Amino acid sequence: MAMPSSIPYNPKKDKKNSKRKAPILLFSGDKGGIGKSFAARIFAGLLGQWGYSAVGFDGDARNAHLERYYASVFPVGRPYLRSEAGWAQMFDGWEAVADETVILIDTQAGFGEVASQQKAAILLATEKLQREVISLWIADEEEDSVRLFKAAPELAPSDNTFFLMNGRFGSTLAEFVIWRESQTRAQALARGVRELLLPALPIRARTRIARAHAPFYPRPQIGLSFSETIEFDLWWSRAEEACEPVLKKIQEIMA
């Protein structure tokens, strides 16, 4: 499937004079139901708020949330990443994306095994395109999130890697006990990996947004009540603050 033409996400800010190409944001976690697509949707909205254009590739064949919520905002392709043809489609799609446009990739459960098989091709493609990868690993509080992170193929340098704890599973770092006390965490932080805690979206706003398939940004116009709007705005501010290290990394890459 050919990628649609790039649509400026936020035309107010011109990024055409960037010296280096925009990065690829890769959302993984290797488990179903941990919030990979939720994190991708947050960053899809934040990129627009931060003034960047975006193109998405939704590799989740069963639950294509990035496409469902953001296809009306920017182009989203649907490569099937369990086949060689799907990877070829995605690589060709990357090549067609404008230099100043950030690429977002939402992945399916079990992506780690497939990515291990495609690692050489991924690294070669990003090298040829001169695009850096920012790896965002989404985690719950369970042991397997830590184990799978340790076993995952390294598709980005450590200082381009972020361990994102989903706030639906714990509101503070202290609640992610297995990760906090693990040797995997100590070793990762020593290498330059950074950890972020994504705040949980309050249930009322989350339910309304889900039913409307609305993006987080531009601000959803779905008839939120006044109290729901307050909840959403407070949550969005916390989400932006939590994700600021990734913005700084994008700025550093494109400087």
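## A walk through the helices and loops

Let's start with tryptophan 235, which touches Phe38, Ile42, Pro199, Ala200, Leu201, Pro202 and Phe216, leaving aside residues up to four places away in sequence; contact here means heavy atoms within 4.5 Å. This is a predicted model, where local features need pLDDT of at least 70 and side-chain atom pairs count only at pLDDT 80 or more, while totals for chains, interfaces and linings use all residues. Residues are numbered from 1 along each chain as its sequence is written, and side-chain values use heavy atoms, with hydrogens and water left out.

Back to our tryptophan. Tryptophan 235 sits in helix H9; helices (H or I, at least four residues) and strands (E, at least two) are DSSP runs, numbered from the N terminus. Is tryptophan 235 buried or exposed? Tryptophan 235 has a relative accessible area of 0%, so it is buried (buried is under 20%, exposed over 50%, partly exposed in between, using a 1.4 Å probe and protein chains only). The C-alpha atoms of tryptophan 235 and aspartate 30 are 26 Å apart, and the two residues are separated by 205 residues along the chain.

Now look at how H9 meets another helix. Two packed helices are described by the angle between their axes and the distance between the axes. The axes of H8 (residues 203-212) and H9 (residues 226-254) come within 9 Å and cross at roughly 95°. Axes are lines fitted to C-alpha atoms, for helices over the stretch in contact, and angles run from 0 to 180 degrees between N-to-C directions. H8 and H9 are therefore roughly perpendicular to each other (65 to 115 degrees; under 35 is roughly parallel, over 145 roughly antiparallel, and the rest oblique). On the H8 side you'll find Arg204, Ala205, Arg208 and Ile209, which meet Ser227, Glu228, Glu231 and Phe232 in H9. By class, that contact has three nonpolar, one polar and four charged residues. Here Ala, Val, Leu, Ile, Met, Phe, Trp, Tyr, Cys and Pro count as nonpolar, Asp, Glu, Lys and Arg as charged, and the others, Gly among them, as polar.

The loop between H8 and H9 is worth a stop too. Histidine 213 lies in this loop, and its phi is near 50°, a positive value in a residue other than glycine. With a relative accessible area of 40%, histidine 213 is partly exposed. Proline 218 is in the loop between H8 and H9 as well, and a cis peptide bond with omega of about 0° joins tyrosine 217 to proline 218.

Next up is another helix pair. H3 and H4 (residues 111-129) pack at an angle of about 30°, with their axes 11 Å apart, and are therefore roughly parallel to each other. From H3, Glu84, Trp87, Phe91, Trp94 and Glu95 meet a set of H4 residues including Phe111, Val114 and Leu129. The contact of H3 with H4 has nine nonpolar, two polar and two charged residues.

Finally, follow the chain past these two helices. Glutamine 130 is in the loop between H4 and strand E5 (133-139), and counts as exposed at 61% relative accessibility. Threonine 101, in the loop between H3 (84-96) and strand E4 (102-106), counts as buried at 1% relative accessibility. What does the side chain of threonine 101 make a polar contact with? Its partner is the side chain of serine 53, at 2.8 Å. A polar contact is a pair of N or O atoms within 3.5 Å; within protein, one must be able to donate a hydrogen and the other to accept it, and residues adjacent in sequence count only if both atoms are side-chain atoms.
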